[in-house]
Amino acid sequence: STFEHIIVESKGAVGIIKLNRPKLLNALSFGVFREIAAAVDDLEADDAIGCIVVTGSEKAFAAGADIKEMQPKGFIDMFSEDFAAIGGDRVARCRKPTIAAVSGYALGGGCELAMMCDFIIAADTAKFGQPEITLGTIPGIGGTQRLTRAIGKSKAMDLCLTGRMMDAAEAERSGLVSRIVPADKLMDEVMAAAEKIAAMSRPAAAMAKEAVNRAFETTLAEGMSVERNLFHSTFALEDRSEGMAAFIEKRKPVNKNR
Ligand code: HXC
């Protein structure tokens, strides 16, 4: 498919969704969210792809939902279109592993989009925040929910109530991002991680992801039960018997993704 606001490409087994509205710091319009959803559909349906990277430009991952587009809207417009949820939910529902590669601003809907990915690798230039309150609104696609679960109540309240930005070091310290990389090395590091993940057993990766995500949604007892069921399920995978045989035979496993 061809897109207007994003660039989608694949490198080996990694699919890359690059937000491409540089003049507007990748402001997330209705169109951008719709294209992100379509791109995830395409990449998820593509058997060659084992991991998906979502990224922006050097200056901005995304500076939030498109304020100019939102300004004239009323309740019924936002309620009926529910545009941000369409794109965002699609990323969160993706069964293939997803990595957000964040350089520069990840604000408002941009921070929320990054949090919809499985994990965030940040450039040392990254800045995260939920500045919606400065516009008289509040986060609408996870900024009060995923952020609170990721970094705890006190810091989430601080960010959502003051609208301030936190830098990459603070974001790593508080558990929002998994690693910080020098800005000029960001894509190398992200692609290396993505390629590594894409080379794993695909069904095992999907199960690992599903199990970790359950920790976000449910009680410990229920999460443990889901984990155990999925763990037992891996013993039905050819990749599991091959993986263990390869270890014993001191060789690399050959995954069949089944
Ligand atoms: C529309 C935006 C934008 C946005 C930046 N631009 N952010 N346009 N929506 N969210 C535009 C600017 O208007 C400007 O366009 C151009 O991008 C460059 O931005 P500048 O402000 O000139 O750059 P700079 O001075 O470097 O400041 C960067 C910035 C600032 C600190 C990131 O742009 C900023 O504060 N942006 C808004 C951040 C924000 O409030 N995000 C939350 C949005 S609400 P022109 O045409 O003037 O050159 C939200 C709700 C989510 O996300 C809930 C559901 C999705």
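Is Leu25 buried, partly exposed or exposed? Select Leu25 to find out: Leu25 is partly exposed, with a relative accessible area of 24%. Here buried means under 20% relative accessible area, exposed means over 50%, and partly exposed lies in between, with a 1.4 Å probe and protein chains only.

Before going on, note that this is a predicted model, in which local features need pLDDT of at least 70, side-chain atom pairs count only at pLDDT 80 or more, and totals for chains, interfaces and linings use all residues. Residues are numbered from 1 along each chain as its sequence is written, and side-chain values use heavy atoms, with hydrogens and water left out.

**Stop 1: around Leu25**

Stay on Leu25. It sits in the loop between β2 (14–19) and α1 (30–45). Helices (H or I, at least four residues) and strands (E, at least two) are DSSP runs, numbered from the N terminus. Leu25 and Asp66 are 41 residues apart along the chain, and their C-alpha atoms are separated by 9.7 Å.

**Stop 2: the ligand**

Select the ligand and the residues around it. There are 24 of them, and Lys59, Ala63, Ala65, Ile67 and Gly109 come nearest. To be counted, a residue needs a heavy atom within 4 Å of the molecule.

Next, look for polar contacts, which are pairs of N or O atoms within 3.5 Å; within protein, one must be able to donate a hydrogen and the other to accept it, and residues adjacent in sequence count only if both atoms are side-chain atoms. Start at Ala65: a backbone N or O atom there lies 2.8 Å from an oxygen atom of the ligand. Move to Ile67, where a backbone N or O atom is 2.9 Å from a nitrogen atom of the ligand. Then pick Lys68. A polar side-chain atom of Lys68 is 3.4 Å from an oxygen atom of the ligand.

**Stop 3: the largest pocket**

Select Cys117, Asp118, Lys209, Val212 and Asn213. Of the 33 residues that line the largest pocket, these are the closest to its centre. The volume of this pocket is about 970 Å³.

How is a pocket found? On a 1 Å grid over the protein atoms alone, a pocket is an open set of points where a 1.4 Å probe fits, with protein on both sides within 12 Å along at least five of seven lines; lining residues have an atom within 4 Å of a point. Grid points are joined across faces, edges and corners, and the volume is the space filled by probe spheres set on the points.

Colour the elements next. α4 (83–93), α5 (109–116), β7 (119–123), α6 (146–151) and α10 (202–217) each supply at least two lining residues. The largest share, 12 residues, comes from α10. By type, the lining divides into 20 nonpolar, 4 polar and 9 charged residues. Nonpolar covers Ala, Val, Leu, Ile, Met, Phe, Trp, Tyr, Cys and Pro; charged covers Asp, Glu, Lys and Arg; the others, Gly among them, are polar.

**Stop 4: the second largest pocket**

α2 (67–70), α3 (75–81), α4 and α5 each supply at least two residues of the lining. That lining divides into 17 nonpolar, 8 polar and 4 charged residues.

**Stop 5: the cysteines**

Show the cysteine sulfurs. A disulfide is a pair of cysteine sulfur atoms within 2.5 Å. By this rule the count comes to 0 disulfides. Cys51 is in none, and the nearest cysteine sulfur, that of Cys94, is 9.0 Å away. Cys51 is buried, at 0% relative accessibility.

**Stop 6: after α12**

Go to the segment after α12 (238–248) and pick Lys250. Most residues other than glycine have a negative phi. Lys250 has a positive phi, near 55°. Lys250 is exposed, with a relative accessible area of 78%.

Pick Asn257, in the segment after α12. Asn257 has a positive phi of about 55° and is not a glycine. Asn257 is partly exposed, at 33%.

End on Asn255, also in the segment after α12. Asn255 is partly exposed, at 25% relative accessibility.
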